[in-house]
Amino acid sequence: MARKAKNEPYHQMMKLRATTLFCPYEDCIDHKNRANGNIIFVRKYGTGETQNLFKCTTCKRTFSERRGTPLFECHLPDEKVYQILKCLSEGNGIRATSRIVGVSKDTVGSIINRIGDHMEDVAATLMTNYHLDECQLDELW
Ligand SMILES: [Zn+2]
């Protein structure tokens, strides 16, 4: 298959997205520095090419766009994840969500666990770093 030109719309969209990311490696001098244009889009990767690979030109290392998110190493496309979360948030159960979105019940369960674990981490961070109690957290949601 011929390599796609770098001016295709998807590549242009990823070029813009790269400006919103920063190097995730703590030992890089540009770690958490968004503003200097050191992040470039490399390619899509993974099963079904559902994920985006970026590179820090400062430390020359690559990273997944999903690194540090609940979807790291998840093979579902973003759109499927959003469909699952939308179905669940509208009150559908795991079986109904599975049927509506067209994924297995295990996949729905896996997404629930990933998001749940992430929310626990967020809550713990807010309580520790910002001294919020559980009532204040409930008001946030
Ligand atoms: Zn770096």
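I began with the hairpin, and I noted that strands E1 and E2 form it with five residues between them. In that turn I looked up Gly-46, and I wrote down a positive phi of about 90° for this residue. I keep in mind throughout that this is a predicted model.

Next I asked myself how many bridges join E1 to E2. I found six, and I noted that E2 covers residues 51-56 and that the two strands run antiparallel. Going through partners one at a time, I saw that Lys-44 has Asn-52 in E2 as its bridge partner, while Arg-43 stands opposite Leu-53, which also belongs to E2.

I then turned to the whole sheet, which is open and has three strands in the order E1-E2-E3, with antiparallel pairing. Why is one side of E1 and of E3 left without a neighbour in the sheet? I reasoned that strand E1 (39-45) and strand E3 (62-64) stand at the edges and have a single partner strand each, so one side of each is left without a neighbour there. For the twist I recorded an average of 30° from one strand to the next.

Last, I checked the domain assignment of the chain, which gives domain 1 as 9-64 and domain 2 as 78-140. Between the C-alpha centres of domain 1 and domain 2 I noted a distance of 26 Å.

Notes: Residues numbered from 1 in each chain as written. Predicted model: local features only at pLDDT ≥ 70, side-chain atom pairs only at ≥ 80, totals over all residues. Pairing = 2+ DSSP bridges. Helix = DSSP H or I, 4+ residues; strand = E, 2+ residues; numbered from the N terminus. Axes fitted to C-alpha atoms, helices over the stretch in contact; angles between N-to-C directions. Domains from an automatic or database assignment.
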